[in-house]
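Have the sequence and the 3D view open while you read.

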Amino acid sequence: MLAETVCSAVSAAGLGIAAVTAYRKRFLAATRIAAYSLVPVGLVMTGVVQWVSGIVFKPSVWLGFGLLGVAWLLFMTTRAVERRGGGTRKERKAAAAAAQREAVAPAASAPSLGAGRTPAAQPVPKAKAKPAASEDFSDIEAILKKHGI
């Protein structure tokens, strides 16, 4: 009952401020203020305020939120431990064994395995020449000349 009265008072005050704003010929702002001021009354009429007040004052609801928080904390803790540890001991041993067995791709061809051939020298890409310092400032010099500096 008190919440509905407060929401009605807030809406009435907002509509009053919207009227004053419209009187000052600021119609767009007045319309926006009127829209915001109608929200509390709309929430009361739809029953949202009663539903929220019913949730807030029930201890069982707060216990439920507490349990959800504990569950979230446990979930995040297990995720952090799993990421840090890299899985179970069996998974780590299996991954190490697989890494030793397959040092190259499973279906690799003979040249990639280095069967009797020395690798050819890879051509080194040439580095691009850096532009001269005067080229970097040419546009700045043009702007300064344009303004007579």
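In which helix do Trp62 and Phe65 both lie, and how many residues apart are they? Keep in mind that this is a predicted model.

1. Both residues belong to helix H4, which covers residues 59-85. Trp62 and Phe65 are three residues apart, or about one turn of the helix.

2. Those two make up the one aromatic pair that a search of the whole structure turns up. The ring centres of Trp62 and Phe65 sit 5.9 Å apart with the planes at 55 degrees, so we call the pair tilted; edge-to-face would need over 60 degrees.

3. How open are these two side chains? Trp62 has 51% relative accessibility and so counts as exposed, with the cut-off at over 50%. Phe65, at 46%, counts as partly exposed.

4. Now go to the start of the chain. Helix H1 (residues 2-23) and helix H2 (residues 27-46) have axes that come within 8 Å and cross at roughly 170 degrees. H1 and H2 are therefore roughly antiparallel to each other.

5. What does the contact of H1 with H2 have by class? It has 15 nonpolar, five polar and one charged residues. On the H1 side, look for Cys7, Val10, Leu15 and Ile17, among others; the H2 side includes Phe27, Ile33, Leu38 and Val44.

6. One for the record: an unreviewed UniProt entry places "transmembrane region" at residues 35-56 and 62-81. In the model, residues 35-56 are 95% helix and 0% strand, with end C-alpha atoms 27 Å apart. Residues 62-81 are 100% helix and 0% strand, and their end C-alpha atoms lie 29 Å apart.

Key
Residues numbered from 1 in each chain as written. Predicted model: local features only at pLDDT ≥ 70, side-chain atom pairs only at ≥ 80, totals over all residues. Heavy atoms only, no water. Axes fitted to C-alpha atoms, helices over the stretch in contact; angles between N-to-C directions. Helix = DSSP H or I, 4+ residues; strand = E, 2+ residues; numbered from the N terminus. Parallel < 35°, antiparallel > 145°, perpendicular 65-115°, else oblique. Contact = heavy atoms within 4.5 Å. Nonpolar A, V, L, I, M, F, W, Y, C, P; charged D, E, K, R; others polar. Phe/Tyr/Trp six-rings, centres within 6.5 Å; stacked < 30°, edge-to-face > 60°. Buried < 20%, exposed > 50% of the residue type's maximum accessible area, 1.4 Å probe, protein only. UniProt positions renumbered as here; feature names shortened; annotations may be inferred.
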